[in-house]
Amino acid sequence: QYVPIIIPKLVKLSVEDIHPKVREQCKVVLSNITNHIKTPEIISISSNLIDALVDPSNKTKLVLDMLLSTEFMHEIDLISLGILLPVLSRALKSQLGEIKIKSSSIIGNLFSMISNNTNKQLISNGYISSLLVNLRECIFDPLPDVRTSSAKAIGNIVKNIMNEFDVKQDTESFIIEFNKS
């Protein structure tokens, strides 16, 4: 339950702290967190995910390609999402359209593999709201494929968490405002 609080702080320290020992210890703690992942498909790429968390400019594309080529057969657990979503969220802020498209495609597909209980935890921990903010920014991207992919991802999120009123209502309000502009 503390993963959504811990991981962003560790990621920030692992990237921004000037002391190499602090950065290395953050990576060790992230590795320890991945030992608790239950989703077999994520376990197999967990070290790459950590690399993408601590070295996003050089490792994100590889992880996105790995995720796109992975056939998921199991439900994705909260710890897996705790490691995955910061990588995907940051990828949505990339300057490269290809990275944004891959990330939003993965995000859209992920929400079909998440249980209702995990959905509730994601919402209460703020993961979905931060993803939606980044996806909404992609809707205004100059590249049509980025806009299309992010719109599909938003649609998938809303479709799969339809019972969660706040997210659905917030997204519907955004769509109405977007159409007015």
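Helix H9 (residues 127–139) packs against helix H10 (residues 144–160) with the axes 8 Å apart and an angle of about 150° between them. H9 is therefore roughly antiparallel to H10, a label for angles over 145 degrees. This is a predicted model, where local features need pLDDT of at least 70 and side-chain atom pairs count only at pLDDT 80 or more, while totals for chains, interfaces and linings use all residues. Residues are numbered from 1 along each chain as its sequence is written, and side-chain values use heavy atoms, leaving out hydrogens and water.

**The H9 and H10 contact**
- On the H9 side, the contact (heavy atoms within 4.5 Å) is made by Ile128, Leu132, Leu135, Arg136, Cys138 and Ile139.
- H10 brings Val146, Arg147, Ser150, Ala151, Ala153, Ile154 and Ile157 to this contact.
- By type, the contact residues of H9 with H10 are 10 nonpolar, 1 polar and 2 charged.

**The largest nonpolar core**
- This core has 49 residues; a nonpolar core joins buried Ala, Val, Leu, Ile, Met, Phe, Trp, Tyr and Cys residues through side-chain atoms within 4.5 Å.
- Leu49, Leu67, Leu88, Ile107, Leu110, Phe111 and Ile157 touch the most other members.
- Elements giving two or more residues to the core include H9, H10 and helix H6 (78–91).
- H6 gives the most, with 8 residues.

**A covered helix**
- In H4, 7 of its 9 residues are buried, meaning under 20% relative accessible area with a 1.4 Å probe, counting protein chains only.
- Those buried residues are Ser46, Asn48, Leu49, Ile50, Ala52, Leu53 and Val54.

Notes. Axes are lines fitted to C-alpha atoms, for helices over the stretch in contact, and angles run from 0 to 180 degrees between N-to-C directions. Helices (H or I, at least four residues) and strands (E, at least two) are DSSP runs, numbered from the N terminus. Angles under 35 degrees count as roughly parallel, over 145 as roughly antiparallel, 65 to 115 as roughly perpendicular and the rest as oblique. Ala, Val, Leu, Ile, Met, Phe, Trp, Tyr, Cys and Pro count as nonpolar, Asp, Glu, Lys and Arg as charged, and the others, Gly among them, as polar. Buried means under 20% relative accessible area, exposed over 50%, partly exposed in between (1.4 Å probe, protein chains only).
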